[in-house]
Amino acid sequence: MSTRIAFLKGHGTENDFVIVPDPENVIDLPSAGVAALCDRRAGIGGDGLLHVVRSAAHPEARAMAADAEWFMDYRNGDGSVAEMCGNGVRVFARYLQRAGHVAEGDITIATRGGVKTVHLAKNGDVTVGMGKALLPEAQVTVAVGERSWPARNVNMGNPHAVAFVDDLTDAGTLYTPPPVTPASVYPDGVNVEFVVDRGPRHVALRVHERGSGETRSCGTGACAVAVAAARRDGADPAVTGTPVTYTVDVPGGRLVITERADGEIEMTGPAVIVAEGEIDADWQAGTLS
């Protein structure tokens, strides 16, 4: 690939991403190259990478092309492939708007976790239809050092283990993935959320995202936490017929999560593009080739 590669940098509640526009899917992005781009010292830096591709041009998304023109080919910061990223979808939508591909209002975006409906509001907020949460019955435990907590197993298109703790410092440094047992429940790894209460239907979290480490925010994690908190609090919209909304504070800001009576979950929060440029040709040749 001799063509200079354009990139942008964006974030959603400080969960930050390298954005690589590639409508026709002609750029080869090997896992090692993605990890190099996301490196905060030797690369551009990001919790993950958003590869922007037309659905019809990507083998994993062609079946969704009739429902969504654009596919979010999301990669974790270590280069591994991920099913979904809630903050990433918001930033992806903001990029599409900035590039003139979409306007304010409702749009659809294809992901490995299915087609997501997104609303771009006039006030700058972005709301994402995150689908329904699955609550596998497997009992899991999360540990930090000598301490451990029972965790709620929640799947938002990607797996989460949600543990309620007394203080967010209980999560430790989160430099390495907190051990979750039994490990067999999550054969491909898991995102782990540590959660404290801030008030009625108001919680705060810290998260270790698989493949990225501790991040400033996790959209699917905020949704998983809201669902876990609602069930803990005895609220199930599918039973009561009444939507439930939780405010979820993350280190990088605030997200608002609503679970509707039909089980669909909506996440609302900001999305910002902060820079754009081109990857240096010599660096690109030595790293992405």
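## Pockets

The largest pocket holds about 260 Å³ of space. A pocket here is an open set of points on a 1 Å grid over the protein atoms alone, where a 1.4 Å probe fits, with protein on both sides within 12 Å along at least five of seven lines; lining residues have an atom within 4 Å of a point. Points are joined across faces, edges and corners, and the volume is the space filled by probe spheres set on them. This is a predicted model, in which local features need pLDDT of at least 70, side-chain atom pairs count only at pLDDT 80 or more, and totals for chains, interfaces and linings use all residues. Residues are numbered from 1 along each chain as its sequence is written, and side-chain values use heavy atoms, without hydrogens and water.

Among the residues lining the largest pocket are R40, R41, D47, D78 and E214. A35 and C38 also line the largest pocket. By class, its lining has 6 charged, 4 polar and 2 nonpolar residues. Asp, Glu, Lys and Arg count as charged; Ala, Val, Leu, Ile, Met, Phe, Trp, Tyr, Cys and Pro as nonpolar; the others, Gly among them, as polar.

The second largest pocket holds about 170 Å³. Its lining has 15 residues, with T117, V128, G129, R260 and E266 nearest the centre. Strands β6 (114-120), β7 (126-132) and β17 (264-269) each supply at least two lining residues. Strands (E, at least two residues) and helices (H or I, at least four) are DSSP runs, numbered from the N terminus. The classes here are 5 nonpolar, 5 polar and 5 charged.

## Nonpolar cores

The largest nonpolar core has 53 residues; M72, L96, I109, V248 and I257 touch the most other members. Such a core joins buried Ala, Val, Leu, Ile, Met, Phe, Trp, Tyr and Cys residues through side-chain atoms within 4.5 Å. Buried means under 20% relative accessible area, exposed over 50%, partly exposed in between (1.4 Å probe, protein chains only). Helix α3 (residues 219-232) gives the largest share of this core, 9 residues. Apart from it lies another core of 17 residues, including A151, V190, V192 and V196.

## Helix α1

In helix α1 (residues 31-38), G33, V34, L37 and C38 are buried. Seen down the axis of α1, its buried residues fall within an arc of 135°, so they line one face. The arc is taken from the directions from the helix axis to the C-beta atoms. These residues pack against β2 (15-21), β3 (48-54), β4 (70-76) and α5 (281-287).

## Loop residue D188

D188 sits in the loop between β11 (180-181) and β12 (191-199). D188 counts as exposed, at 63% relative accessibility.

Key. Contact = heavy atoms within 4.5 Å.
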